[in-house]
Amino acid sequence: VHYVKQSIENYSAKIGYRIEYRDLRIAPLQLRLELDEVTLSGREPNAIPLFTLRRGILQLDLPALVAGRIGIREIQLTDPQFHVERRVQSGKPGLWNWQSFVAAVSKALPPKDPASSPKQIELERFGITGLRLSLDDQPNRYRHDFGPISLELRDLANFSKGGKQDTLEGD
């Protein structure tokens, strides 16, 4: 648990955003991680969170991992909330807050090895319950809240079971 907590703190510092959570539970024999009350926000004081999550669950799939694939048995997100906003900067529309976040994450990624083959990823179950999206486009004076939205996807993979790469399949 300490290693995961330290990794989250280090990554948070590396990308320049605060990643906070109330509780972290790991069940190593089940390959399961649970997080409660997650918040992602900028470092500035009183920053509006870009993302909040009441509860998140990630469970890996051992047989797929042993076979060399990234196997995920379950991802479950309960009450995720996204705040997407764009402000006026110097009289002009600024960047969306998520553009800045994606740029920070992209900058922190290790260089891609052109010789490496794409990773095969399998996801048995992806569920979202109670998703809310708050959109605030200040330059255009538009604000709207969407949700709640729930979604469940099953048996996703970025490869065909027949071996063809670069596909997305699901039931």
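Helices (H or I, at least four residues) and strands (E, at least two) are DSSP runs, numbered from the N terminus.

## Basis of the model

This is a predicted model: local features need pLDDT of at least 70, side-chain atom pairs count only at pLDDT 80 or more, and totals for chains, interfaces and linings use all residues. Residues are numbered from 1 along each chain as its sequence is written, and side-chain values use heavy atoms, with hydrogens and water left out.

## Helices

Helix H2 covers residues 62-66 and contains Leu-62. Leu-62, Leu-65 and Val-66 make a nonpolar surface patch of about 280 Å². Patches are made of residues with over 30% relative accessible area and no salt bridge; like charges are joined within 9 Å, nonpolar side chains (Val, Leu, Ile, Met, Phe, Trp, Tyr) within 5 Å. Accessible areas come from the Shrake-Rupley method with a 1.4 Å probe, and for residues only the protein chains shown count as cover.

Helix H3 (residues 97-108) has twelve residues. From first C-alpha to last, H3 reaches 17 Å, close to the 16 Å expected at 1.5 Å a residue. The expected span is 1.5 Å times one less than the number of residues. Asn-97, Trp-98, Phe-101, Ala-104, Val-105 and Ala-108 are buried in H3. Buried means under 20% relative accessible area, exposed over 50%, partly exposed in between (1.4 Å probe, protein chains only). Seen down the axis of H3, the buried residues fall within an arc of 120 degrees, so they line one face of the helix. The arc is that of the directions from the helix axis to the C-beta atoms. An α-helix has 3.6 residues a turn, so residues three or four places apart point the same way.

Strand S2 (residues 23-27) pairs with strand S3 (residues 32-42) in the antiparallel sense, over five bridges. Two strands pair if DSSP finds at least two bridges between them. Ala-27 stands opposite Arg-32 in S3. Four residues lie between the strands of this hairpin, where Leu-31 takes a positive phi near 55 degrees.

The side chains of Arg-25 and Asp-36 meet at 2.8 Å, N to O. Arg-25 lies in S2 and Asp-36 in S3, so the pair ties together parts that are eleven residues apart in sequence. Arg-25 is partly exposed at 29% relative accessibility. Asp-36 is buried, at 9%.

## Strand S8 and its partners

Twelve of the 17 residues of S8 are buried, and the strand is mostly covered. S5 and S8 run parallel and are joined by eight bridges. Ile-70 stands opposite Ile-121 in S8. Strand S6 (residues 81-89) also runs parallel to S8, with six bridges. Val-84 has Leu-135 in S8 as its bridge partner.

S8 and S9 run antiparallel, joined by twelve bridges. Ser-134 stands opposite Asp-145 in S9. The hairpin of S8 and S9 has four residues between the strands, and Arg-141 takes a positive phi near 50 degrees. In a regular strand the side chains alternate between the two faces of the sheet.

## Salt bridges

A search of the whole structure finds 18 salt bridges. Each is a side-chain nitrogen of Lys or Arg within 4 Å of a carboxyl oxygen of Asp or Glu. Arg-73 forms one with Glu-124, the closest N and O atoms being 4.0 Å apart. Arg-73 lies in strand S5 (residues 70-78) and Glu-124 in strand S8 (residues 121-137), so the pair ties together parts that are 51 residues apart in sequence. Arg-73 is partly exposed at 33%. Glu-124 is partly exposed at 35%.

The side chains of Arg-125 and Glu-152 meet in a salt bridge at 3.5 Å, N to O. This pair links distant parts of the chain: Arg-125 in S8 and Glu-152 in strand S9 (residues 142-159), 27 residues apart. Glu-152 is partly exposed, with a relative accessible area of 41%. Arg-125 and Glu-152 belong to a network of salt bridges whose members also include Arg-25, Arg-32 and Asp-36. Arg-32 lies in S3 and counts as buried at 19% relative accessibility. The C-alpha atoms of Arg-32 and Ile-75 are separated by 9.9 Å, though the two residues are 43 apart along the chain.
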